[in-house]
Amino acid sequence: MNDGIYIINFLAVGNGPRIRAIRPQGFQKGNFEIFAAVTGIDSTGVVYYNIGGSVPTSPYPATVLTKADPANQSDHKYKATIDVSSLSDGDHEIHFLVKAGSGSTDADKTDFAIDKTPPTADISYPLPADPQAGKITISGTITDGTGSSVKEAGTKYILGKKSSTPALTDSGWQNMTTSTKGSWNVDVDLDTMSAHPENYGTQVGTSSYYKVPLYIRSEDMLGNAKVHVKEILFNSDGTK
């Protein structure tokens with residue numbers, strides 16, 4: 001008696017069209033090409049696709065795949081360019097249907113993942129209303145949710161106000177003291193601002209407190225990036 005598990009592959013028979021989807025690897029952030037292997041199609045046959053549900057047949061859609069290499073008749077791959085501008089982040093199902101000139105059809109489906117959103121970053125310490133002075137470690141969290149994950153080396157900072165939010169390519173970005181896929185921290189000496197605190201932040205009324213912007217640059221593994229603006233409350237008289 002054999003209690004093993006058997007895997008049986010059933011091969012399609014007959015002369016009708018056959019289509020097998022080729023699943024895209026990884027996350028997509030921009031328009032990309034998707035492929036399917038098609039056999040048994042004649043010169044009047046058409047390969048359709050539809051995102052989010054089965055390919056409609058009354059009428060058939062305008063979204064079609066074309067030969068990936070028209071000059072190579074032995075290449076069974078068909079392709080289409082997927083426009084991601086209207087697609088949300090996350091997983092999407094794409095359905096294929098090949099229809100031969102005789103009317104015979106075959107269908108298959110696969111899925112792909114979209115990530116067009118940069119990671120979010122927040123400050124854990126200090127709190128915005130907690131005045132600081134001297135040498136401190138600013139720490140926080142960073143997350144890319146269900147996306148392609150945080151690029152640790154892309155998490156950077158600029159401390160002190162600028163005329164406008166720094167560009168992603170600004171030369172002033174500095175490396176964090178520590179950066180991981182879920183957190184960051186940076187050691188700073190706020191007393192370097194004491195002589196001219198107005199150059200670094202905005203005074204709170206007539207007090208010795210200044211709201212100092214902390215710009216945090218975040219980036220994911222696909223290159224989606226964003227600048228987040230946070231604040232540190234600096235006490236220019238040197239006490240916390």
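On a 1 Å grid over the protein atoms alone, a pocket is an open set of points where a 1.4 Å probe fits, with protein on both sides within 12 Å along at least five of seven lines, and lining residues have an atom within 4 Å of a point. Grid points are joined across faces, edges and corners, and a volume is the space filled by probe spheres set on the points. The model is predicted: local features need pLDDT of at least 70 and side-chain atom pairs pLDDT 80 or more, while totals for chains, interfaces and linings use all residues. Numbering starts from 1 along each chain as its sequence is written, and side-chain values use heavy atoms, without hydrogens and water.

**Exercise 1.** Describe the largest pocket and its lining.

Step 1. Its volume is about 170 Å³.
Step 2. The lining has 15 residues, with Asp89, Asp115, Asp144, Thr146 and Gly147 nearest the centre.

**Exercise 2.** Find the aromatic pairs and classify them (ring centres within 6.5 Å; planes under 30 degrees apart are stacked, over 60 edge-to-face, the rest tilted).

Step 1. The whole structure contains two aromatic pairs.
Step 2. Phenylalanine 32 and phenylalanine 112 are edge-to-face, at 5.2 Å centre to centre and 65° between the planes.
Step 3. Phenylalanine 112 is buried at 1% relative accessible area, and phenylalanine 32 is buried at 8% (buried is under 20%, exposed over 50%, partly exposed in between; 1.4 Å probe, protein chains only).
Step 4. Tyrosine 48 and tyrosine 60 are stacked, at 4.7 Å and 20°.
Step 5. Tyrosine 48 is buried at 10%, whereas tyrosine 60 is partly exposed at 29%.

Notes:
Phe/Tyr/Trp six-rings, centres within 6.5 Å; stacked < 30°, edge-to-face > 60°.
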